[in-house]
Amino acid sequence: MSKVTVLNDKLEKAGELDLPSKYAEVNPHNLYLYVKSYLASLRANTAHTKGRSDVSGGGKKPWRQKGRGGARAGSTRTNVWVGGAVAFGPTNERNYFQKVNKKQKRLALERALADKAAKGALFATDSLTIESGKTKDANAVIKKLGVKDALIVKDLLDEKTLLAYRNLANCYVVDVTEVNAYLVSVFNAVIVEKSALESITKEG
């Protein structure tokens, strides 16, 4: 069974919590499909080339069909001419959306949490609020745990805590309603408030 490391106010290990056993039994393919869909949705889709109908010019046949000894040509704007169109190039009309069902999103999150817990990288504590709003205090939390980077999950995200964490390149703070399988997977550690963890597990 996957274990969540419980931290006290000093961010020292004070015990363990059990994640629901069904989390570890979720097929990891659900997590793969969700992450694939999430990354696809981030694509800018700005690559665009012009086809034959988009390039200006080329309306007149450049030379007669026969008699001059050269290859026949009907337009100066085909893809084999300099200044011509691009054959089979990318267009910004492409849709990268990949549908993932609501139930599958939930399964992906459960699997991601189970994977983090199995690695001993899922931590729970009573509060993650940085009342001072200072980045150095937020950085001390990461250093205390000795993790490379971390996802901070709060039950209710306040302005002071957001200010403290937002300048740190190695961590990201979210409200419990924003947490998803991709964010849980991409960070080396996840630090979550107990109340937020209860909300997440209760939904399942």
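**View A. Lys13 is exposed, with a relative accessibility of 58%.** Buried means under 20% relative accessible area, exposed over 50%, partly exposed in between (1.4 Å probe, protein chains only). This is a predicted model: local features need pLDDT of at least 70 and side-chain atom pairs 80 or more, while totals for chains, interfaces and linings use all residues. Residues are numbered from 1 along each chain as its sequence is written, and side-chain values use heavy atoms, leaving out hydrogens and water. What does the side chain of Lys13 meet in a salt bridge? The partner is Glu16, at 3.5 Å from N to O. A salt bridge puts a side-chain nitrogen of Lys or Arg within 4 Å of a carboxyl oxygen of Asp or Glu. Glu16 is partly exposed, at 44% relative accessible area.

**View B. Six strands build an open, mixed sheet.** Read across the sheet, the order is β2-β1-β3-β6-β4-β5. The edges belong to β2 (13–18) and β5 (171–175). Each has a single partner strand, so one side of each lacks a neighbour in the sheet. From one strand to the next, the twist averages 25°. Helices (H or I, at least four residues) and strands (E, at least two) are DSSP runs, numbered from the N terminus; strands pair if DSSP finds at least two bridges between them.

**View C. Strand β4 (residues 150–154) runs parallel to its partner β5.** Five bridges join the two strands. Look for Val153: Val174 in β5 stands opposite. Helix α6 (residues 194–203) packs on the sheet and touches β1, β2, β3, β4 and β6 (contact: heavy atoms within 4.5 Å). The direction of α6 makes about 100° with that of β6. Axes are lines fitted to C-alpha atoms, for helices over the stretch in contact; angles run from 0 to 180 degrees between N-to-C directions.

**View D. Asp126 and Lys194 form a salt bridge.** The closest N and O atoms are 3.4 Å apart. Asp126 sits in the loop between β3 and α3, and Lys194 in helix α6. The two are 68 residues apart, so distant parts of the chain are linked. Both ends are partly exposed: Asp126 at 48%, Lys194 at 27%.

**View E. A buried pair, Glu193 and Lys154, forms another of the seven salt bridges in the structure.** The closest N and O atoms of the pair are 2.6 Å apart. Glu193 belongs to strand β6 and Lys154 to strand β4, 39 residues apart. Shared partners join Lys154, Asp158 and Glu193 into one network.

**View F. Tyr34 and Tyr38 share helix α1 (residues 28–41).** The residues are four apart, about one turn of the helix. Tyr34 is buried at 11%, whereas Tyr38 is partly exposed at 23%. Together with Tyr182, they form one aromatic cluster. Rings of Phe, Tyr and Trp (its six-membered ring) pair if their centres lie within 6.5 Å; planes under 30 degrees apart are stacked, over 60 edge-to-face, the rest tilted. There are three aromatic pairs in total. In the Tyr34–Tyr38 pair, the centres are 6.1 Å apart and the planes meet at 40°, so the pair is tilted.

**View G. Charged ends sit over aromatic rings.** Arg68 lies over the face of Trp63, 4.1 Å from the ring centre. The charged end of Arg43 sits over Tyr96, 3.9 Å from the centre of the ring. The rule: NZ of Lys or CZ of Arg within 6 Å of the ring centre and within 35 degrees of the ring normal. Trp63 is partly exposed, at 26%.
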